[in-house]
Structures are given as structure tokens and as C-alpha cells.
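Open the model in your viewer and keep the sequence panel beside it. The stops below are given in the order in which to select them.

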Amino acid sequence: MRPGRMINSTLSGRLIRWLASLSLGVLGCLCLGVFFSVKANLETQQDLRLEKLSTAIRHLFEETPGHLQPGSLEHDLDDLLKINRDSHLKLIDRLGEARFISMLSAWPSKARFYSLALPDKAQRTNFSVAELALDIAPDEAILDRLAAILWGAALIGSAAITLGGYLIVYFGLAPIRKLA
């Protein structure tokens with residue numbers, strides 16, 4: 001036997017190897033398609049949530065006459081962020097310094113950020129930019145679990161297809177083995 005030549009070069013061995021490779025490739029591509037589809041859907045939902053939150057914040061700042069009392073705007077912003085628990089807000093003044101940070105101790109390490117310039121009416125409050133952060137750690141955990149499940153499903157599915165292929169090839173080539 002020459003070096004580099006496969007140990008089992010029989011017809012049944014080649015058929016089983018090709019079937020195993022093909023099934024693993026197809027199942028792997030399907031699982032990748034499912035994973036990236038779910039990931040894109042989650043990212044779209046995150047973008048929509050940030051857009052809705054930015055609209056609500058812009059609306060609060062446009063109601064500046066209702067927020068002439070000190071702390072009333074911050075109170076309304078806190079109430080808005082309590083509804084959106086995984087959202088965080090940083091308000092920056094004209095000098096670039098952060099003047100309001102919601103839950104400083106819980107600022108997310110993995111986040112999707114969105115910055116918006118506040119309307120001209122907000123200039124009376126001394127804030128010029130609002131920076132939103134959406135905590136994406138729960139979505140990342142879901143994607144990690146999904147990746148593990150899909151990886152396992154591809155391997156188990158490929159093993160099952162390979163076993164089924166082996167049995168089909170073994171029994172299908174039995175008459176040829178009898179002739180040999």
C-alpha cells in the first residue's frame with residue numbers, strides 16, 4: 001500500500017465517507033443560515049427598540065416648558081428607563097461632559113449604542129447630546145446557546161445520516177460481496 005492512500009478504499013468506504021461529508025456540509029450550512037437569520041432578527045429588534053426610545057426621549061425634551069422645575073426632566077427620564085430596564089442613557093452638555101447617567105454602576109459592558117442630537121428646545125436644559133445604550137448581553141447569551149444547540153444538531157444529524165448510509169450501503173452492496 002502506498003503512503004497517503006486511504007486505508008479503506010473500497011466502494012462502500014468511499015460512499016460512506018462522501019455521504020458523511022455531504023451531510024455534515026449541508027447540515028452545517030443550514031445551521032449557519034438559521035443562526036445568522038436569528039442574529040439579524042435580534043439586531044433589527046435592538047435597532048427598533050433604540051429608535052423608539054430615542055423618539056420618546058426627543059419627545060420629553062421637546063416638552064421643555066413642562067420641565068422647568070429642577071430635576072423634573074431627570075425624573076421623567078428615570079421613569080422612562082425603568083420601563084426599558086436594559087436601556088441606559090447618558091446626557092452630555094455642550095462642553096462634552098456627562099451631566100446625567102442612568103444607573104452608572106450598571107452601565108452595560110456589551111451594548112448597542114445610539115447617539116442623538118437633542119432638539120434646539122433642549123438647549124435650555126444645557127444638554128446637547130443623548131447617548132443611548134441597549135444591553136445586548138441577554139441576546140448574546142441566547143445566540144451562544146443557539147450556536148451550541150445548532151452545532152450539536154448538525155453533528156448528531158450528520159452521525160445519524162452516516163449510520164443510515166452505512167446500513168444502506170452495507171445491505172445494498174451485500175449481493176456484490178457475495179459475488180466477489
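Burial is given as relative accessible area, with a 1.4 Å probe and protein chains only: buried is under 20%, exposed is over 50%, and partly exposed is in between. This is a predicted model, in which local features need pLDDT of at least 70 and side-chain atom pairs count only at pLDDT 80 or more, while totals for chains, interfaces and linings use all residues. Residues are numbered from 1 along each chain as its sequence is written, and side-chain values use heavy atoms, with hydrogens and water left out.

**Stop 1: Arg 49 and Asp 86.** Select Arg 49, which counts as partly exposed at 35% relative accessibility. Arg 49 is in helix H1 and Asp 86 in the loop between helix H2 (72-83) and strand S1 (87-93), so the pair ties together parts 37 residues apart in sequence. Asp 86 is partly exposed as well, at 22%. Helices (H or I, at least four residues) and strands (E, at least two) are DSSP runs, numbered from the N terminus.

**Stop 2: Arg 112 and Asp 47.** The count of salt bridges comes to 2. Select Arg 112 and Asp 47, whose side chains meet in a salt bridge at 2.7 Å, N to O. Arg 112 belongs to strand S3 (residues 111-117) and Asp 47 to helix H1, 65 residues apart. Relative accessible area is 23% for Arg 112 and 40% for Asp 47.

Stop 3: Show S1 and strand S2 (residues 98-101), which run antiparallel and are joined by 3 bridges; strands pair if DSSP finds at least two bridges between them. Lys 90 has Ile 101 in S2 as its bridge partner. Between the two strands are 4 residues, and Gly 96 in the turn has a positive phi of about 90°.

**Stop 4: helix H3.** Select residues 137-172, helix H3. Its end C-alpha atoms are 51 Å apart, which agrees with the 52 Å that its 36 residues should span at 1.5 Å a residue; the expected span is 1.5 Å times one less than the number of residues. Which residues of H3 are buried? They are Asp 139, Leu 143, Leu 146, Leu 150, Ala 154, Gly 157, Ser 158, Thr 162, Gly 165 and Val 169. Helix H1 (11-62) is among what covers them.

**Stop 5: Gly 152.** Still in H3, Gly 152 is partly exposed at 24%. Its C-alpha atom is separated by 10.0 Å from that of Cys 31, 121 residues apart along the chain.

Key
Contact means heavy atoms within 4.5 Å. A salt bridge is a side-chain nitrogen of Lys or Arg within 4 Å of a carboxyl oxygen of Asp or Glu.
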